[in-house]
Amino acid sequence: MREQVTDTTSVASPPPQALLERLKDYGQEDAFALWDELSADERDLLVKDIENIDLPRIDRIIQCSFRFQGLPAAAIEPVPESCVSTVEERTVEDRDRWWNVGMKAIAEGKLAVLLLSGGQGTRLGSSDPKGCFNIGLPSGKSLFQIQAERILRVQRLAARSANEGAGIVPIHWYIMTSPFTDEPTHKFFESHKYFGLDEDQVTFFQQGTIPCVSKDGRFIMETPYSVAKSPDGNGGVYTALKYSKLLEDMATRGIKYVDCYGVDNALVRVADPTFLGYFIDKGVSAAAKVVRKAYPQEKVGVFVRRGKGGPLSVVEYSELDPELSSAINQETGRLRFCWSNVCLHMFTLDFLNQVANGLEKDSIYHLAEKKIPSVHGYTMGYKLEQFIFDAFPYSPSTALFEVLREEEFAPVKNANGANFDTPDSARLLVLRLHTRWVVAAGGFLTHSVPLYATGVEVSPLCSYAGENLEAICRGRTFHAPCEISF
């Protein structure tokens, strides 16, 4: 229990009248409820905290989000087969054509990469940004370094595929951090000399935060002089890009397409030329890589069509009726709702502008009921979030591109010892894939532990997706575990 402030000058000083009236206009005057108990310094902190909140915008978000929560959702339908490029239907000619189209766009500087990196590695037992995490590969590389080196590799491949004598055109890397990860992310990149990238081809920007609210929409006070806030979700990237004027920055650089992904995937093919070429070839506004659900009850969001003839969108596994989860498409033999969202997306820059404006206008956020730290201990309330997949309902045309889990999806979400998505499981997926590459290129392996528990790592600087390895591997023997590099 806080002691009453005894300084008479402090007690006699009321809250700033204009600010108090503004709070009353939005039903948030309780933020000043403990004013009389605060010291002069604490009062200054509270005033600054409230002044930094865009009250009209936050009120609109709260009102729209609460109202939307009570509305019935449109019925869902399976994604039409015509919207999906499946692995088995792709020809070698398709893949080669898309690779070349993508490489041409990259060589012309039309692609940017957008990384969602606002999360800490809390569930991994670390307070560092997730991208700093080392999953235990032979090289000891962090997720950030692996992704940076894939960008370097694609740049070089694009330069080779362009006209002879053409120089390397840098792929600009936009990295969204959060207030918790921004400074350590900057320092990590600086201490590692940007992993070989040019410093000026990397732009950091922060996602926003938003007040946590009670079930009646009032601000929850974390301390008597500060409002409880939380990051606005990975979908906050659209607002952050808009308000930091980075959409304008992209346009100035001549960027037309944006490859967007989450940091915690050890197998992500950053700036994938094949995916980009497919996206350009289809002429759509948005696209997503998808994997097939492993089994009906798998806890993953899936793409659906929302409403008769409506847009594609993502529904979380908890929103999908068990009967629908298990339903089989009799023509294909697949689950009717089988295309899992794995946060690997491609957007046109024009569409990103449309989404940023549309989400801001509609102001609808997901309400996540959580225990919120407050002046009264932990209290139940809501964190308001937007998700990256909230963009898809705004797209007039969306295409899905199936990829294989074992080649492109190695999530790093839980600490070792958990049943799935651990550093150990991700490391094994990487090593097994790279081992297959080496064997296919004519290499041989020896190993002192069972091969299923180890393998070789191929540096992204050597090969992006298994190409260019014959000259390095044919006839050679590698002792696993090891990294193959130049």
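Predicted model: local features only at pLDDT ≥ 70, side-chain atom pairs only at ≥ 80, totals over all residues.
At least two lining residues are supplied by each of α5 (92-107), β17 (398-402) and α13 (405-408), and the largest share, four residues, comes from α5.

The side chain of Q386 reaches the backbone oxygen of I364 at 3.2 Å. When residues up to four places away in sequence are not counted, Q386 touches D232, G233, N234, G235, G236 and T239, together with L359, I364, Y365 and H366.

In one of them, the side chains of R218 and D30 meet with an N to O distance of 3.6 Å. Because R218 lies in the loop between β6 (209-211) and β7 (221-223) whereas D30 lies in the loop between α2 (17-25) and α3 (40-51), this pair ties together parts that are 188 residues apart in sequence. R218 counts as partly exposed at 28% relative accessibility, and D30 likewise counts as partly exposed, at 44%.

A salt bridge is also formed by the side chains of E360 and R57, at 3.2 Å from N to O. This pair links distant parts of the chain, with E360 in helix α12 (residues 349-362) and R57 in helix α4 (residues 55-69), 303 residues apart. Both partners fall under the 20% limit for buried residues, since E360 has a relative accessible area of 11% and R57 has a relative accessibility of 14%.

The side chains of E369 and K215 meet in a further salt bridge, with an N to O distance of 2.6 Å. E369 lies in strand β15 (residues 366-374) and K215 in the loop between β6 and β7, so that parts 154 residues apart in sequence are tied together by this pair. E369 is partly exposed, with a relative accessibility of 42%, and K215 is also partly exposed, at 48%. Beyond these pairs, E81, E88, R292, R334 and E402 are linked in a network of salt bridges.

Several features of the backbone also deserve mention. A cis peptide bond, with omega of about 0 degrees, joins A480 and P481, and P481 has its place in the loop between β20 (477-480) and β21 (482-484). A positive phi, near 55 degrees, is found at Y194, a residue other than glycine; Y194 lies in the loop between α7 (182-191) and β5 (202-206) and is buried, with a relative accessible area of 8%. C343, also a residue other than glycine, has a positive phi near 60 degrees. C343 lies in strand β14 (residues 339-348) and, at 17% relative accessibility, counts as buried.

Conventions:
Residues numbered from 1 in each chain as written. Heavy atoms only, no water. Polar contact = N/O pair within 3.5 Å; in protein donor to acceptor, adjacent residues only side chain to side chain. Contact = heavy atoms within 4.5 Å. Salt bridge = Lys/Arg side-chain N within 4 Å of Asp/Glu carboxyl O. Buried < 20%, exposed > 50% of the residue type's maximum accessible area, 1.4 Å probe, protein only.
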